[in-house]
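Welcome! Please take a moment to look over the sequence and the 3D structure, and then we can walk through some of its contacts together.

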Amino acid sequence: MFILPAIAGFGILTIVPIVLSLIISFTDWNFLDGLKGLRFIGLRNFTEMWSDKWFVDSLRNNLLFAAVTVPATIVLSLLAAIGLNKGVYMKSPIRLMIFMPYVSNIVAVSIVWGTLYNPSMGPINSFLRSMGVADPPGWLASSAWALPAIMIMTVWANVGYNMIIYLAGLQGIPRDLYEAAKIDGAGPARSFFRITLPMLSPTTFFVMITSIIHSFQVFIAVFVMTKGGPGSSTTVLTYYSYRTGFDFYKMGYSSAMAWILFLIIFLITFLQWQGQKKWVHY
Amino acid sequence: MEQKLAGKRLSLPKLGLTVVLAAFGALMVLPFVWMLSTSFKLPIDVFNYPIEWIPKRFNWNNYQRVWNGSQPFDLFYYNSVKVTAITVVGTVLVCSAAAYGFSRIRFKGRDAVFFVFLATLMIPDQVTLVPRFIIFNYLGIYDTHFALILPGMFTAFGVFLLRQFYVGIPEDFSEAAKIEGAGHLQTWLRIILPLSKPALVSLVILSFTWNWNEFVNPLVFLASKELYTIPLGLTNFIDESGTDYTLMMAAAVSSILPVIVLFLACQKWFIEGVVSSGVKG
């Protein structure tokens, strides 16, 4: 009885759409034509994708994005957490400052960073020029630098969140382990690699999975800052799927892409889950 | 007494680490500071270099232009508040009821259903956008605030968070209530709910933040400008202001402020919410 509202709502709002989406992905459907425009075309959406430049670029960008931002985020947040945990003054304010980007509205943040990245006049390039860099990157206007620009902003926004998770993980490591290590004569580096890292492996696993999943869900930054450009250098699966469905009204194709996205996320998560037996200690 | 004296000495390595981390923290906050300071500048001063952290010429006008300007920013604010508030209340009610069901009431297949709930967390929003668009159209709630409130209320995450917490509440409490003759409804209202205050607060705060910052749902499901929430209104604003950066920054500040204030006031809950959603899972 209690769970009825939740299940009903959830059923209509989530389960049904999921099933529908799967069905639609096998169709060619221009929404504006109404229901009569729905034509089943089997797997054609899925096969066509691979010759679609925007799709392939989206996929490539997503993979690049994950490959760069996830390790960067993990390393930075781990280091920050360790530092904070070791003992610093002003622990609370520092923690606050690092976490603040995470709670802020990504739209507003994208706008601010978009301005910071202004190639000719923005503060970032002005700073670089003053440091002697003769030809600073074109950032959002350059097809080579646009994706890295978004990556930087994304890492900035997420370090705080992951740092908090690591902090919690660190605090769960029993002190006695370190005491014992000290007695055995282990230095700080050794105890880090032999105790801290292994004990943190469940946390690292969690951080890694959530970071990867989130990295595949990048959307707002691309939508607000670059709309996939210049060219198709910053398009990602979420963005292209949206564009196909709501700018071009090709519902079938859009749904097909969304499902590919899901499959990728699922696959990566599954592989990680299997892999954890090898390196995660509980 | 000796310990007190020892504690007063500044430890050098600790100081060093503090400086490093404080610098890192400052770096993180820098964009915000720039945003704030630019919102008070005159347009031509925006890109002055070396950066004028405190504007030499203050321009209070920008905020006025944001709020009284061509876009109904105050309407956006009202919409955001309204949608977020209703969604948060709805979320708490629905999710806590569901969590109670999943943790305290035994029925066949309970854990299997819960698992399905959880599995959907992995499904990206993109998958459900198109079908929801169609369903909402069909139900007639497209381009209404309902289209935002309903998906926000029925979140698997909320159920998960609360259920984990409920499972941690010892059975004795509900047992005692049962002995007193209380039914499930009473037990839930009188005992479990009050006990789960910490988790509820975390849920409220997290839920508020997400819903306030929600962009994709309004983008897809709203068409009339009068219904726009802040994130969406902000993008419109940008398109219109073009290169008037001071105006854009003022608008950005106005959008971010409520959540930052909430965050500063309730940091502990925020952080606890983040941790309990992650580590205990």
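## Helices, domains and chains

In this predicted model, α11(B) makes a left-handed crossing as it passes α14(B). Helix α11 of chain B covers residues 197-213 and helix α14 of chain B covers residues 245-265; they pack at an angle of about 165°, and their axes are 10 Å apart. Angles over 145 degrees count as roughly antiparallel, and α11(B) and α14(B) are therefore roughly antiparallel to each other.

Which residues meet here? From α11(B) come B:Ile205, B:Phe208, B:Thr209 and B:Trp212, and from α14(B) come B:Pro258, B:Val259 and B:Leu262. This contact of α11(B) with α14(B) has six nonpolar residues, one polar and no charged.

Next, the domains. Chain B is assigned domain 1 (2-63) and domain 2 (66-278). Between them, 11 residues of domain 1 of chain B are in contact with 10 residues of domain 2 of chain B. On the domain 1 side, α2 and α3 (61-68) of chain B are the elements that give two or more residues, and α2(B) has the largest share, three residues.

| Domain 1 of chain B, touching domain 2 of chain B | six residues | four residues | one residue |

Conventions. Residues are numbered from 1 along each chain as its sequence is written. Chains are lettered from A and ligands numbered from 1 in the order in which they are written. This is a predicted model: local features need pLDDT of at least 70, side-chain atom pairs count only at pLDDT 80 or more; totals for chains, interfaces and linings use all residues. Domain bounds come from an automatic or database domain assignment. Two residues are in contact if their C-beta atoms, placed from the backbone, lie within 7 Å. Helices (H or I, at least four residues) and strands (E, at least two) are DSSP runs, numbered from the N terminus. Ala, Val, Leu, Ile, Met, Phe, Trp, Tyr, Cys and Pro count as nonpolar, Asp, Glu, Lys and Arg as charged, and the others, Gly among them, as polar. Axes are lines fitted to C-alpha atoms, for helices over the stretch in contact, and angles run from 0 to 180 degrees between N-to-C directions. Angles under 35 degrees count as roughly parallel, over 145 as roughly antiparallel, 65 to 115 as roughly perpendicular and the rest as oblique. A crossing is left-handed if the near helix is turned anticlockwise from the far one by less than a right angle, and right-handed if clockwise.
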